[in-house]
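Here is a short briefing for you to read alongside the model. Take a look at the structure first, then work through the notes below.

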Amino acid sequence: MEAPLLEDTVEGAVDYNGRPVRRSDSGGWRSAALIIGVEVAERFAYYGVSSNLINFLTDQLGQSTATAAENVNVWSGVASLLPLLGAFLADSFIGRYRTIALSSVLYILGLGLLTVSATLHSPSISSCQQTEKSLPCSPGLFQVILFFSSLYVVAFAQGGHKPCVQAFGADQFDGQHPEESKAKSSFFNWWYFCISLATFATVNILNYVQDNLSWSLGFGIPCISMVLALVVFLLGTRTYRFINRGDEENPFVRIGRVFITAVRNWRINSSEIAHEEEIRGLLPHHSSQQFRFLNKALIVPNSSKEGGHTCTIREVEEAKAVLRLVPIWVTCLAYAVVFSQSSTFFTKQGVTMNRSIVPGFEVPAASLQSVIGLSIVVSLPIYDRILIPIARNFTGKPSGITMLQRIGFGMLLSALSMVIAALVEIKRLETAQEYGLVDLPKATVPLSIWWLVPQYVLFGVADVFTMVGLQEFFYDQAPSGLRSIGLSLYLSIFGVGNFLSSFLISAIEKLSSGDGKESWFNNNLNKAHLDYFYWLLAGLSAVGLAAFLCFARTYIYGKGNTT
């Protein structure tokens, strides 16, 4: 086979067989488009399960609203934290390509079992629904075990798939090449644009199928989509670029050694550190003075000169890069708690409202989540093609605004969405009281479901700023060998956010339902106080935004990147 021309060879990249690759016939948008297509199918499958899950738990498994919301949040939290494990395995052992392929197979298995579990009909459920008893329906134990087991198989599959696909897609662009570098920046915008289209399709098609036709069909279609996604992914194998790390040491080992060596050298004073820095020359970034205690890893103490091991400047800078991500990660948790509400309480609110468009047809409450996707689909091109060029003229930055500015503005919009959600819920409760429906939980409140649209729209626009900004930030600022881990850290924000949301719901449920009081999350939403919960989240969002701005002002971008 003819060897690639030197000037056309992509440095640091190889093909599936480990050979150098040509820029002209590998990577770029050709390969990235296939990978985006795979992710579209995966998001279609994932949201096909998650977007309407709370209704399956309450209607099919007979759980209370609060219990169902907690279960949804816990599952979503686990699904968002598992990418840390998937990314670790990919970056340390088996690589992103193999992790994606294996996770796709696991996805198909989980969705297949989920479909089987949905075909099982508990006798008690059927009899309860037929007699319209007020007592909660109890599903069969086997159905519950099979359903939740399948659900967590899907979570594990998502944990391997999600962090690797996006990182593998970004790997198809050479950041050192002028044209490909620009394309790489746009990749994150169009990535989210495409998966938002998938979300839009999911909540309009699958939620209708699940609510009106069959839950088994509603879970079976995502299973088929993942089969097709795996086939498409494998067909593109010959065009992909794979990062060539050669004999490079495991990045976890390198970074871990920095922290261990710095701790061992805790007695070393600042003059010794300064002397070592002078000997080695200036550190590559002005960030050398930040987290300066890690510079102690550059020195071998006198007591261990023989057989001692010092860390390189690069290794110390990698450790600092990871440490700098922590405050940003923590301050974004409030945003993640708010984000989890769209698939839980927003949906249950919609169930109680007037959902009729034309006589005989009602909008599935979960389908209103499609407004988020539609808002993203409309907003992203405006952001990428209009707002950024305008901002670029003012700031002189290639990206128009910095990644942290983008994230912060989205967090502000998220807080505003909670204010609007609280005001709309107050209006819904007042309408229920006005029409004497407070004690009739099954009655339709004569308030159009379209009142919920503004909060969904703000959610979508906030995602354009914060969600995409977080993706690019954690990919760009993570050390080069830990890109999958960087993206999994971004995903873990939402995992922990879901757990925090579940904890808040559980704590508030106990505190607000004591002494004969009505719980904020009463099964009869006309007696509940979701408005109080939304005001609480608005306050937490404001505190989180204030803390984020403090850390963002002092953040030092790695690799000389301030975009």
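Predicted model: local features only at pLDDT ≥ 70, side-chain atom pairs only at ≥ 80, totals over all residues.

Residues are numbered from 1 along each chain as its sequence is written, and side-chain values use heavy atoms, with hydrogens and water left out.

**Salt bridges**

- The whole structure holds 12 salt bridges (a side-chain nitrogen of Lys or Arg within 4 Å of a carboxyl oxygen of Asp or Glu).
- Lys-162 pairs with Glu-39 at 2.9 Å, N to O; Lys-162 lies in helix α6 and Glu-39 in helix α1, so this bridge ties together parts 123 residues apart in sequence. Helices here are DSSP runs (H or I, at least four residues), numbered from the N terminus.
- Lys-162 is buried at 5% relative accessible area, and Glu-39 is buried at 0% (buried means under 20%, exposed over 50%, partly exposed in between, with a 1.4 Å probe and protein chains only).
- Arg-257 meets Glu-315 with the closest N and O atoms 3.1 Å apart, and both residues are buried.
- Within helix α11, Glu-318 and Arg-314 are 4 residues apart, which means a separation of about one helical turn; their side chains form a salt bridge at 3.5 Å, N to O.
- Glu-318 is buried at 6% relative accessibility, whereas Arg-314 is partly exposed at 41%.

**Exposed residue**

- Phe-93 sits in helix α3 and counts as exposed because its relative accessibility is 59%.

Conventions:
Helix = DSSP H or I, 4+ residues; strand = E, 2+ residues; numbered from the N terminus.
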